[in-house]
Amino acid sequence: MSFRPLPARASAALLREAKPLRALFGEAQRLAKLQQLLESQLQPAAREHCRVATWQQGALLLIVTDGHWATRLRYQQRRLLRQLQAFEEFGTLTKIHFKVQPPDVQRRAAGRITTISAGASENIKATAEGISDPRLRAALERLASHTQTPER
């Protein structure tokens with residue numbers, strides 16, 4: 001008996017038929033609509049720094065990129081609350097919470113070798129020749145060996 005995989009199905013059909021996926025997709029659409037309504041009430045500069053995280057039981061949780069924007073939005077909290085309550089989707093809104101979560105930043109790999117230009121390498125080599133301390137001289141020569149290779 002051999003394994004025969006199920007025939008491939010269109011992603012749209014999966015989203016319509018599979019209950020867990022349908023629920024997840026519906027929640028994503030609901031949050032996108034809430035985000036759109038929120039952005040319509042925010043100042044243009046604040047829009048990229050504020051995202052809807054959850055909306056349940058009358059409380060709206062917003063994720064803000066840094067403390068500066070969280071503070072600015074807290075000063076506008078009452079106004080924002082009144083404006084959002086005017087929308088049917090936010091009819092039962094009673095409070096807004098802000099959570100600071102900086103965006104993910106890709107960190108440089110540890111131990112990564114930095115390259116320098118050929119001119120900088122020559123200057124470091126010339127400096128190393130005039131150094132009497134053997135450890136410092138060796139460190140400068142290692143640094144000078146990190147010359148950038150020309151692009152092809």
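Student: In helix H6, how many residues apart are glutamate 141 and arginine 137, and what does that spacing amount to along the helix?

Tutor: Bear in mind throughout that this is a predicted model. Glutamate 141 and arginine 137 are 4 residues apart in helix H6, which covers residues 134–144, and this puts about one helical turn between them. Their side chains meet in a salt bridge, with 3.4 Å from N to O.

Student: How many salt bridges does the protein have in total?

Tutor: The count comes to 3 salt bridges. Another of them joins the side chains of glutamate 27 and arginine 30, at 3.0 Å from N to O. These two residues lie in helix H2, residues 19–41, where a spacing of 3 residues separates them by about one helical turn. Glutamate 27 has a relative accessibility of 33%, and thus counts as partly exposed, while arginine 30, at 32%, is also partly exposed.

Student: Which elements hold glutamate 39 and arginine 51?

Tutor: Begin with the contact itself: the side chains of glutamate 39 and arginine 51 form a salt bridge of 3.0 Å, N to O. Glutamate 39 belongs to helix H2 and arginine 51 to strand S1, residues 50–56, so this pair ties together parts that are 12 residues apart in sequence. Both partners are partly exposed, glutamate 39 with a relative accessible area of 25% and arginine 51 with 40%.

Student: Where is histidine 49 found, and which residues is histidine 49 in contact with?

Tutor: Histidine 49 sits in the loop between H2 and S1. When neighbours within four places in sequence are set aside, the contacts of histidine 49 are Ile63, Val64, Thr65 and Trp69. With a relative accessible area of 16%, histidine 49 is buried, because the cut-off for that word is under 20%.

Student: How should I read the overall form, and in what order do the elements run from the N terminus?

Tutor: List the elements before turning to the dimensions. The protein has 6 helices and 3 strands, and from the N terminus on they follow the order α-α-β-β-α-α-β-α-α. The radius of gyration is 28 Å, well over the 15 Å that the globule rule gives for 152 residues, so the protein is more spread out than a compact globule. The C-alpha trace spans about 75 × 65 × 30 Å along its principal axes.

Student: What share of the residues is buried, and what share of the contacts comes from residues 24 or more positions apart?

Tutor: Of the 152 residues, 24% are buried. Among contacts with a separation of 6 or more, 52% are made by residues 24 or more positions apart.

How values were computed
Residues numbered from 1 in each chain as written. Predicted model: local features only at pLDDT ≥ 70, side-chain atom pairs only at ≥ 80, totals over all residues. Heavy atoms only, no water. Salt bridge = Lys/Arg side-chain N within 4 Å of Asp/Glu carboxyl O. Buried < 20%, exposed > 50% of the residue type's maximum accessible area, 1.4 Å probe, protein only. Rg over C-alpha atoms; globule rule 2.2 N^0.38 Å. Contact = heavy atoms within 4.5 Å.
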